[in-house]
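Open the model in your viewer and keep the sequence panel beside it. The tour goes from one selection to the next.

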Amino acid sequence: MHHFAYRDGVLHAEAVSVATIAETIGTPFYCYASATLERHYRVFAGAFADVPSLVCYAMKANSNQAVVATLARLGAGADVVSHGELKRARAAGISPDKIMFSGIGKTADELALAVDEGILCINVESEPELTSLSTIAASKGRNAEKLLGIRVVGIDLHIGSQITELAPFDDAFAVLSRLVRELRADGHAIEHVDLGGGLGIPYHDGSEQPPLPAAYAEVAKRATRDLDCTLIFEPGRIIVGNAGILLTRVLYLKRSETRNFVIVDAAMNDLIRPTLYNAFHEVRPVKEPAKGASRIVADVVGPVCESGDFLALDREIDEPSPGDLLAVMSAGAYGAVLSGTYNTRALVPEVLVKGSRWALVRPRVEVEELIARDRLPGWL
Ligand SMILES: Cc1ncc(COP(=O)(O)O)c(C=O)c1O
């Protein structure tokens with residue numbers, strides 16, 4: 001479910017024509033729909049409204065402050081995995097008592113920052129990390145009964161991403177629930193369980209629909225019913241995945257005997273998921289195609305000098321012409337956050353739409369700015 005649809009023959013994000021945005025800021029760019037972000041957060045959080053719970057949005061999926069602030073206003077906390085994400089969460093208005101810190105390789109400086117900020121919880125992921133955290137916390141005068149400087153308040157799991165069945169969650173939650181009982185028997189006061197993220201989204205129309213949050217909630221609540229714990233969740237993709245699209249313009253059509261290529265101005269440096277994970281993103285024309293318009297099978301590729309630079313392979317699409325705009329759908333999660341400047345390409349901008357308003361929420365970082373960051377040593 002999302003808020004990108006044709007109106008008067010042109011793809012709109014809510015009430016804004018994406019063609020108008022393209023004319024104003026150029027292409028490529030990411031465009032997010034506030035209404036989709038808000039709806040997905042509300043549906044997910046609402047499924048747990050009848051139990052003590054906290055939804056900590058996984059910022060790794062999309063950490064633009066405008067996105068995070070939109071969710072913060074609805075009551076979301078944040079799951080962060082770096083010093084940078086922790087600072088962004090705070091800058092976007094998330095209070096420390098709603099921040100979880102996950103990740104297997106937190107540095108001493110990151111642990112110290114988390115302790116100083118007084119965040120809700122640090123998800124410790126190894127014994128050496130526990131020792132390091134204990135030393136840091138004790139050095140800052142934190143005291144607790146069992147481990148020097150540390151209070152064990154909960155346990156956390158995250159079993160993967162883009163999971164489209166409930167059975168793996170069911171199995172994992174059963175293990176977690178047994179572990180809570182064992183830890184309590186050992187004298188730990190477990191107050192919360194963090195059930196991670198991972199619920200999948202539909203990436204194409206014909207695909208099997210992943211379980212709805214309500215069905216997922218039923219599984220989670222059943223497994224944790226007798227634990228008397230607050231439930232914490234770290235969803236990323238399900239909140240933001242279908243709330244964003246990547247807009248690109250067709251540069252050339254290149255035909256060979258065996259293959260057609262649609263060469264566009266967005267590339268793997270803007271959206272790396274297709275080449276990194278073989279991920280599927282629907283490609284739609286911004287101008288609504290007429291009934292019976294011709295279709296072609298083509299690779300949609302970018303201008304980067306790499307054989308892996310593609311957005312779609314062997315895909316049947318409406319036949320575009322040079323200059324046409326295309327929308328790469330479901331690109332809100334793990335899109336802009338993974339973008340870069342390979343081939344000295346400008347860093348892709350991001351736009352947030354709300355109703356009939358839109359704003360640039362990350363301007364394009366222009367080539368001149370990138371070049372100006374290099375330094376020539378005096379001895380060269
Ligand atoms: C620890 C942790 N929590 C939450 C998430 C978010 O997962 P998703 O975007 O699939 O909901 C991830 C993503 O890999 C993760 O590693």
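The model is a predicted one.

Select L212 to begin. L212 sits in the loop that runs between β10 (192-194) and α8 (213-224). Is L212 buried, partly exposed or exposed? L212 is partly exposed, because it has 13 C-beta neighbours inside 10 Å, and a residue needs 20 or more to be buried but 12 or fewer to be exposed.

Next, colour by domain. Domain 1 consists of 4-32 + 241-372, and domain 2 covers 34-237. Between the C-alpha centres of domain 1 and domain 2 the distance is 32 Å.

Now show the contacts between the domains: 21 residues of domain 1 meet 17 residues of domain 2. On the side of domain 1 that touches domain 2, the elements giving two or more residues are β18 (350-354) and β19 (357-362). Of these, β18 provides the largest share, four residues. By class, that side of domain 1 holds ten nonpolar, six polar and five charged residues.

Finally, select the ligand and its shell. Which residues are closest to the ligand? They are A58, S161, G197, G236 and R237, out of 16 residues that surround the ligand. The shell comprises five nonpolar, seven polar and four charged residues.

How values were computed
Residues are numbered from 1 along each chain as its sequence is written. This is a predicted model: local features need pLDDT of at least 70, side-chain atom pairs count only at pLDDT 80 or more; totals for chains, interfaces and linings use all residues. A residue is near a molecule or strand if its C-beta atom, placed from the backbone, lies within 6 Å of it. Ala, Val, Leu, Ile, Met, Phe, Trp, Tyr, Cys and Pro count as nonpolar, Asp, Glu, Lys and Arg as charged, and the others, Gly among them, as polar. Domain bounds come from an automatic or database domain assignment. Two residues are in contact if their C-beta atoms, placed from the backbone, lie within 7 Å.
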